[in-house]
Amino acid sequence: MIFIVVRFRVRPEYRDDWLPLTKEFTESTRAEPGNLWFEWSRSVDDPSEYVLVEAFRDGEAGAAHVGADHFRKGLDAMRPALSETPRILHTEIPGVEWSRMGELEI
């Protein structure tokens with residue numbers, strides 16, 4: 001799978017509107033056949049930072065995502081709300097699901 005984590009720093013006036021601002025992009029991405037998950041979180045230390053954890057079945061699914069109209073529209077919607085260029089981790093890892101944490105087995 002293609003595993004991606006992105007950190008977004010949002011301008012203060014957009015902090016509380018980030019999720020509504022990205023709602024269409026989020027829903028469209030989650031509907032893609034190759035999307036495994038697409039989850040937003042907000043930093044508990046910095047209310048201006050959102051973290052996106054996403055995964056795609058394979059490189060083909062990732063390329064389809066980046067080539068989709070909603071991807072371009074989503075970036076256009078986000079751009080005015082950002083205070084800096086997002087930071088990204090992008091890697092390919094085996095599997096298509098989360099593994100269980102052996103150190104905290106329940």
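Arginine 9 counts as partly exposed because its relative accessibility is 28% (buried means under 20% relative accessible area, exposed over 50%, partly exposed in between, with a 1.4 Å probe and protein chains only). This residue forms a salt bridge with glutamate 84, with the closest N and O atoms 3.9 Å apart (a salt bridge being a side-chain nitrogen of Lys or Arg within 4 Å of a carboxyl oxygen of Asp or Glu). The pair ties together distant parts of the chain, 75 residues apart: arginine 9 sits in strand 1, and glutamate 84 in the loop between helix 3 and strand 4 (87–92). Glutamate 84 is partly exposed too, at 33% relative accessibility.

A word on the model itself. It is a predicted one, so local features need pLDDT of at least 70 and side-chain atom pairs count only at pLDDT 80 or more, while totals for chains, interfaces and linings use all residues. Residues are numbered from 1 along each chain as its sequence is written, and side-chain values use heavy atoms, with hydrogens and water left out.

As for the overall fold, the protein chain has three helices and four strands (helices, H or I with at least four residues, and strands, E with at least two, are DSSP runs numbered from the N terminus). Along the sequence they come in the pattern β-α-β-β-α-α-β. The C-alpha trace spans about 40 × 35 × 20 Å along its principal axes, and 35% of the 106 residues count as buried. Of the contacts between residues at least 6 apart in sequence, 73% join residues at least 24 apart (contact means heavy atoms within 4.5 Å).

Back to the charges: a search of the whole structure turns up twelve salt bridges. One of them joins glutamate 49 to arginine 7, with the closest N and O atoms 2.7 Å apart. Here too distant parts of the chain are linked, with glutamate 49 in strand 3 and arginine 7 in strand 1 (residues 2–9), 42 residues apart. Glutamate 49 counts as buried at 7% relative accessibility, whereas arginine 7 is partly exposed at 42%. Arginine 72 and aspartate 76 also form a salt bridge, with 3.8 Å between the closest N and O atoms. Both lie in helix 3, four residues apart, or about one turn of the helix. Arginine 72 is partly exposed at 44% relative accessibility, and aspartate 76 is partly exposed at 41%. Elsewhere, salt bridges that share partners join Arg7, Arg9, Asp46, Glu49, Glu84 and Arg87 into one network.

Leaving out residues up to four places away in sequence, glutamate 54 touches Ile2, Phe3, Ile4, Val6, Trp37, Phe38 and His65.

His65 also belongs to the buried set of helix 2 (residues 59–67), together with Ala61 and Gly62. These residues share one side of helix 2 because they cover an arc of only 100 degrees around the axis (the arc is that of the directions from the helix axis to the C-beta atoms). They pack against helix 1 (18–30), strand 3 (49–56) and helix 3 (69–78). The face turned away from the buried side carries the exposed residues Glu60, Ala63 and Gly67.
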